Amino acid sequence: MTKETQLQQYQLTIDTIKDLEQDTDHNIKLLKAIDSLKGASLRSVISTILETRLTINYIELDFCASYCQYLSAKTNYEQRFACKGINTILSEGYKKLYGFTAKEDSFWKKQIKFAVEQQPELHEEYLRITNDLESLQTKEVFNKEMRDISVHYDFDPRKVYQMLANISAEEVVRRYIEFALILKEIRNFLLKLIDKSLAQ
């Protein structure tokens, strides 16, 4: 990557962080405002949708902060540290949003599914996005071993060294981008879900 491209990506990522911070603040204000909505069921549905959007914002903010750290790194270790952080954000963000097992509690499988049950016309789109989320597990988007070593280290420090030596920034960011494209679909879907829910 040229220095010019690196600076452009850094600035773009900073701008994205600012936009996400504003959206996060806006969502928090909306959550406080929905107390005035009539009907406990509607309040619950809208709260769930906004909480899911906030979770997506946190995932993307953490990614952007780690990516900025990667782009501005002065040493190889700083770059590797940022990459293992991105990998961990990817795994933990996916786990919170969707989950790795059928029984796992997640925003998508429980709360958003409940909200969609109130809007049957959105059910087909919900299933399509669910399939997209599920398919990430078969595309080797997640690196559990890297996540585990990044978070817990290992009794064998050679494994930590090997994991760090083998990190490819291009590969880690490519895997995150696959997830981010689905996050964009979910954002758009949640806006439709809010509109439909409020129109009732």
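Biologist: Which pattern does the protein chain follow, read along the sequence?

Modeller: This is a predicted model, in which local features need pLDDT of at least 70 and side-chain atom pairs count only at pLDDT 80 or more, while totals for chains, interfaces and linings use all residues. Helices (H or I, at least four residues) and strands (E, at least two) are DSSP runs, numbered from the N terminus. With eight helices and zero strands in the protein chain, the pattern reads α-α-α-α-α-α-α-α.

Biologist: What percentage of the residues in the protein chain count as buried?

Modeller: Buried means under 20% relative accessible area, exposed means over 50%, and partly exposed lies in between, using a 1.4 Å probe and protein chains only. The C-alpha atoms of this chain fill a box of roughly 55 × 35 × 25 Å along the principal axes. Of its 200 residues, the buried share is 43%.

Biologist: How many salt bridges does a search of the whole structure find?

Modeller: Side chains of opposite charge can pair when their charged atoms come close. A salt bridge here is a side-chain nitrogen of Lys or Arg within 4 Å of a carboxyl oxygen of Asp or Glu. Residues are numbered from 1 along each chain as its sequence is written, and side-chain values use heavy atoms, with hydrogens and water left out. The search gives a total of 17.

Biologist: How many residues apart are aspartate 23 and arginine 187?

Modeller: These two form a salt bridge, with their closest N and O atoms 3.7 Å apart. Aspartate 23 sits in helix H1 (residues 3–33) and arginine 187 in helix H8 (residues 169–199), a link between distant parts of the chain whose separation in residues is 164.

Biologist: Is arginine 187 buried or exposed?

Modeller: The relative accessible area of arginine 187 is 14%. That value falls under the cut-off, so arginine 187 is classed as buried.

Biologist: Which residue makes a polar contact with the side chain of glutamate 125?

Modeller: Glutamate 125 is found in helix H5 (residues 123–135) and is buried at 19% relative accessible area. A polar contact is a pair of N or O atoms within 3.5 Å; within protein, one must be able to donate a hydrogen and the other to accept it, and residues adjacent in sequence count only if both atoms are side-chain atoms. The side chain that glutamate 125 joins, at 3.0 Å, belongs to lysine 192.

Biologist: Which residues does threonine 24 touch, not counting those up to four places away in sequence?

Modeller: Threonine 24 is part of helix H1 and counts as buried at 8% relative accessibility. Its side chain makes a polar contact of 3.0 Å with the side chain of asparagine 57. Contact means heavy atoms within 4.5 Å, and on that basis threonine 24 touches Leu54, Asn57, Tyr58 and Leu61.

Biologist: At roughly what angle do the axes of helix H4 and H5 cross?

Modeller: Axes are lines fitted to C-alpha atoms, for helices over the stretch in contact, and angles run from 0 to 180 degrees between N-to-C directions. Angles under 35 degrees count as roughly parallel, over 145 as roughly antiparallel, 65 to 115 as roughly perpendicular and the rest as oblique. H4 and H5 are therefore roughly antiparallel. The axes of H4 (residues 107–117) and H5 come within 10 Å, and the crossing angle is roughly 165 degrees.

Biologist: Are H3 and H8 roughly parallel or roughly antiparallel to each other?

Modeller: Their axes come within 10 Å, with H3 spanning residues 76–97, and cross at roughly 30 degrees. The two helices are therefore roughly parallel.
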